[in-house]
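Look at the structure below, then read on.

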Amino acid sequence: MADLIIDDDNGLILDVLAWSGAGEQTSYLVIDFAATGGDAYAFGYHWNDTSTVLDMLIAVSSSTELVALTSDWGEWGTFLDNFTFGDESGDPTNYWSHSLATPDGSGAIDWLAASGSIDIEMLTNGGVSGWYNGFTDDYQTIPPSLPLTTIPAPGVLALGTVLLATTRTTRIRH
């Protein structure tokens, strides 16, 4: 499992809830339910060769509680109607804005509005497909909030290892 470093200086990584797929390349899916009072969730997806956002949605939906409702509009492509996850659900009348980014670990994320339907939008290794339930007043995409977690500093990890080793040694002596 590959952690996506969002801010290397502050030790922030994407808090991935579940993993799907198989392969050497990794992309991430972030669903933000803030517009309907919910949280943001991240999922990881492994793949080889080429893969689309639709492929990732199918894989994640088949291995988690995430439901991605889509509509096939024939020659215009497949589009997302709504997401549900557990008790959370988006508002399908708000539509979902889709943004793409490839974080570089600097903490600054350059989101771009997705330009195609989910069946032709290609994934990139290390890229994020981000979804937010709504748009700005002038119909611009709203990038999702990222669920983040911190990586303990190396000194904290070393101290934890020493404490664990001491605890194990104590248990062996008894």
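Strands β6 and β7 pair in the antiparallel sense over 6 bridges. Strands here are DSSP runs of E with at least two residues, helices are runs of H or I with at least four, and both are numbered from the N terminus. Two strands pair if DSSP finds at least two bridges between them. T70 stands opposite L80 in β7.

β6, β7 and β8 form an open sheet of 3 strands, in the order β6-β7-β8, with antiparallel pairing. β6 (67-72) and β8 (88-89) stand at the edges with a single partner strand each, so one side of each has no neighbour in the sheet.

## The model and the whole chain

This is a predicted model, where local features need pLDDT of at least 70, side-chain atom pairs count only at pLDDT 80 or more, and totals for chains, interfaces and linings use all residues. Residues are numbered from 1 along each chain as its sequence is written, and side-chain values use heavy atoms, leaving out hydrogens and water.

The protein chain has 2 helices and 12 strands. Along the sequence, the pattern reads β-β-β-β-β-α-β-β-β-β-β-β-β-α. Of the 174 residues, 37% are buried. Buried means under 20% relative accessible area, exposed means over 50%, and partly exposed lies in between (1.4 Å probe, protein chains only).

How many residues of strand β9 (residues 97-101) are buried? The count is 4 of the 5, so β9 is largely enclosed by the rest of the structure.

β9 pairs with strand β11 (residues 128-132) in the antiparallel sense, over 5 bridges. β9 also runs antiparallel to strand β10 (residues 112-113), joined by 2 bridges. S99 takes part in both pairings: S99 stands opposite G130 in β11, and the bridge partner of S99 in β10 is A113.

## The largest pocket

The largest pocket holds about 320 Å³ of space. A pocket is an open set of points on a 1 Å grid over the protein atoms alone, with protein on both sides within 12 Å along at least five of seven lines; lining residues have an atom within 4 Å of a point. The volume is the space filled by probe spheres set on the points, which are joined across faces, edges and corners.

The lining has 16 residues, and F79, L80, W96, W131 and F135 lie nearest the centre of the pocket. β7 and β9 are the elements that give two or more residues to this lining. The largest share, 3 residues, comes from β7.

Terms used
On a 1 Å grid over the protein atoms alone, a cavity is a set of points where a 1.4 Å probe fits but cannot get out, and a pocket is an open set with protein on both sides within 12 Å along at least five of seven lines; lining residues have an atom within 4 Å of a point.
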